[in-house]
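Here is a short briefing on charged side chains. Keep the sequence and the model open while you read.

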Amino acid sequence: MSSTELFLCKNFKEGLMKIVIIGYSGAGKSTLARALSRHYSIPKLHMDTLQFQPGWIDSDRDWMEEEMKQFLSVHRDWVIDGNYSWCCYEERMEQADYIIFLNFSRWNCLYRAFKRYLKYRHKTRESMAPGCPEKFDWEFISWVLWKGRRQTALARYKRIHQTFPQKFYELRNQKELDKFLKSIE
């Protein structure tokens, strides 16, 4: 039995429910967070709702960090999706009972992001800040394929895995994600 299967069968049913979901843009972090939040009736935080203000304007980092600290202090159980390595990253990783890394290929992420765009075109997703309608432009495509996958991101994921191997779970494709979701039903 793989470590992910052991995780699914044993740990999720023990009631420890601080879950961090990290990974590349378009991999499905927000969708997984929504499913886990709904299934376990725990609060969720989509970090994109903090990162952006209407019109895709970046939020003030100090404000965002304060909002994150508030969320962490108020809730006993939670699921948080998003990377933002400058925003309480170590604190989130340390507090988490589980760190789920969605490590999908860049082409799979691009395909998923395009499907998401088609579904939410001219609308704002629940996992996005108000006033930030779904977009699929060259800047975002470049982020999904190259800029969001720089060596610094890869090194950060490796470091998190090395630092927290006992609570780090990597899902590499839709088949593994489906198996994961089916096991928690």
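Predicted model: local features only at pLDDT ≥ 70, side-chain atom pairs only at ≥ 80, totals over all residues.

Residues are numbered from 1 along each chain as its sequence is written, and side-chain values use heavy atoms, with hydrogens and water left out.

**Salt bridges**

- The structure holds eight salt bridges. The term means a side-chain nitrogen of Lys or Arg within 4 Å of a carboxyl oxygen of Asp or Glu.
- Side chains of opposite charge can pair when their charged atoms come close.
- Helices are DSSP runs (H or I, at least four residues), numbered from the N terminus.
- Glu-65 is partly exposed at 25% relative accessible area, and Lys-69 is partly exposed at 36%. The classes are buried (under 20% relative accessible area), exposed (over 50%) and partly exposed (in between), with a 1.4 Å probe and protein chains only.
- Glu-90 pairs with Arg-159, their closest N and O atoms being 2.6 Å apart. Glu-90 is in helix H5 (residues 89-95) and Arg-159 in helix H8 (residues 151-163), so the bridge ties together parts 69 residues apart in sequence.
- Both partners are partly exposed: Glu-90 has 32% relative accessibility, and Arg-159 has 35%.
- Arg-125 bridges to Glu-134, with 2.5 Å between the closest N and O atoms. Arg-125 is buried at 9%, and Glu-134 is buried at 7%.

**Negative surface patch**

- Asp-60, Asp-62, Glu-66 and Glu-67 gather in a patch of negative charge on the surface. Patch residues have over 30% relative accessible area and no salt bridge, and like charges are joined within 9 Å. Each charge is placed at CG of Asp or CD of Glu.
- Glu-66 belongs to helix H4 (residues 61-74).

**Glu-176**

- Glu-176 lies in helix H9 (residues 174-183). Its relative accessibility is 31%, so Glu-176 counts as partly exposed.
- Beyond its neighbours within four places in sequence, Glu-176 contacts Glu-170 and Leu-171. Contact means heavy atoms within 4.5 Å.
- Glu-176 and Cys-87 are 89 residues apart along the chain, and 28 Å separates their C-alpha atoms.

Terms used: Helix = DSSP H or I, 4+ residues; strand = E, 2+ residues; numbered from the N terminus. Patch = residues over 30% accessible without salt bridge, like charges linked within 9 Å, V, L, I, M, F, W, Y side chains within 5 Å. Areas by Shrake-Rupley, 256 points an atom, 1.4 Å probe, with all protein chains shown as cover. Lys, Arg positive; Asp, Glu negative; His and termini not counted.
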